[in-house]
Amino acid sequence: MIDFLRDAPVEGSLDVVWHAGWSSPKHDPAPEIQVHAYSEHTVLLRQNMSVHFEAPFLFLLFGNDRALLLDTGASADPDHFPLRETVDRLVADWLERHPRPEYPLLVAHTHGHGDHIAADRQFADRPRTTVVGPGLDEVTAAFGLADWPHRAGTLDLGGRIVDLIPGPGHQRAALVFHDRHTGLLLTGDSLYPGRLYVEDRAAYSATVDRLLDFCGTRPVRHVLGCHIEMTTTPCEDYPPRHRAPAGRAAAPAHRGPSAHPAQGPRRDRGRPRHPPVRGVRPRVLRLTGRPADRPTGSYDEGVAPPSGRCQR
Ligand SMILES: [Zn+2]
């Protein structure tokens with residue numbers, strides 16, 4: 001059995017250049033899904049921007065008893081987006097190194113927007129697989145999250161514990177996942193470097209407070225969102241419909257405590273994915289401590305906490 005808590009949170013690798021699409025998408029020689037092994041038991045995946053402009057990230061976590069796939073991307077068609085095939089291969093590879101007789105897969109979501117759940121049906125007939133529906137009732141029932149959104153829960157993948165932090169605001173059923181093994185905080189679209197979209201400002205503000213409180217008591221190595229928004233110039237978003245040249249991409253990450261985010265290409269904003277929302281630019285959030293002189297729940301549009309104000 002793997003001891004996932006030994007030396008936790010263990011460091012992984014974010015030494016990866018994310019493919020940033022191609023000038024002629026249908027001639028893009030890169031695979032439909034980019035796969036990066038963050039660690040032996042953790043895989044980061046990203047849908048190729050040539051397949052869908054949203055180019056969302058997905059995450060695959062292996063535990064002793066089962067694996068967790070977070071999100072299923074922006075495209076349903078396996079011919080264009082072979083997610084099931086990719087995940088099956090990754091699971092088979094992992095099981096070859098860590099044999100187990102039965103190994104279920106749990107498919108869940110950071111939130112229920114269409115660019116994160118589109119390939120759910122690819123897993124409908126997969127053996128030993130549970131797909132958690134994206135609705136709020138489905139999410140709270142599946143994870144036993146009582147008193148939503150006030151109380152966090154946990155998910156046990158077999159010695160690998162994942163904290164579940166309710167995160168409504170960007171979307172009503174949004175969840176933030178904290179993996180105790182790696183210290184990764186997987187924030188979906190609720191938090192990443194760049195422009196944030198909020199459909200319920202009060203709920204989002206409470207979510208930010210909840211995250212700050214959580215991160216004040218838990219080690220967080222990296223905050224990984226589901227999209228890349230900024231150029232390699234801090235505070236500069238990619239313009240609409242822009243495809244960043246390959247090689248400019250970095251991870252969609254805030255580095256651990258009190259650090260600036262990595263930058264990379266953005267998802268294309270050629271058309272809105274979400275209901276009318278307000279853009280918020282916290283720029284840099286310090287997730288490991290509440291700014292002493294300002295409550296975190298009061299970010300105004302375009303204003304960051306004092307510690308993270310964007311200077312331009
Ligand atoms: Zn979203």
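**Exercise 1.** Find how many cavities of 30 Å³ or more the structure holds, and describe the lining of the second largest cavity by class.

*Solution.* The structure holds 4 cavities of 30 Å³ or more. Here a cavity is a set of points on a 1 Å grid over the protein atoms alone where a 1.4 Å probe fits but cannot get out, and lining residues have an atom within 4 Å of a point. This is a predicted model: local features need pLDDT of at least 70, side-chain atom pairs count only at pLDDT 80 or more, and totals for chains, interfaces and linings use all residues. Residues are numbered from 1 along each chain as its sequence is written, and side-chain values use heavy atoms, leaving out hydrogens and water.

Next, take the second largest cavity, with a volume of about 50 Å³, the space filled by probe spheres set on the grid points, which are joined across faces, edges and corners. Its lining includes His109, His111, Val132, Pro134 and Phe143. Sorted by class, the lining has 6 nonpolar, 4 polar and no charged residues; Gly counts as polar.

**Exercise 2.** Work out which strands the buried residues of H4 pack against.

*Solution.* Start with length: helix H4 (residues 201-215, a DSSP run of H or I with at least four residues) has 15 residues and should span 21 Å at 1.5 Å a residue, and its end C-alpha atoms are 21 Å apart, which agrees. The expected span is 1.5 Å times one less than the number of residues.

Then list the buried residues (under 20% relative accessible area, 1.4 Å probe, protein chains only): among them are Tyr204, Val208, Leu211 and Cys215. Cys215 has a relative accessible area of 3%.

Finally, the buried residues of H4 pack against strands S8 (161-166), S9 (175-179), S10 (184-188) and S11 (196-198), with contact meaning heavy atoms within 4.5 Å and a strand being an E run of at least two residues.

Note on methods
On a 1 Å grid over the protein atoms alone, a cavity is a set of points where a 1.4 Å probe fits but cannot get out, and a pocket is an open set with protein on both sides within 12 Å along at least five of seven lines; lining residues have an atom within 4 Å of a point. Buried means under 20% relative accessible area, exposed over 50%, partly exposed in between (1.4 Å probe, protein chains only).
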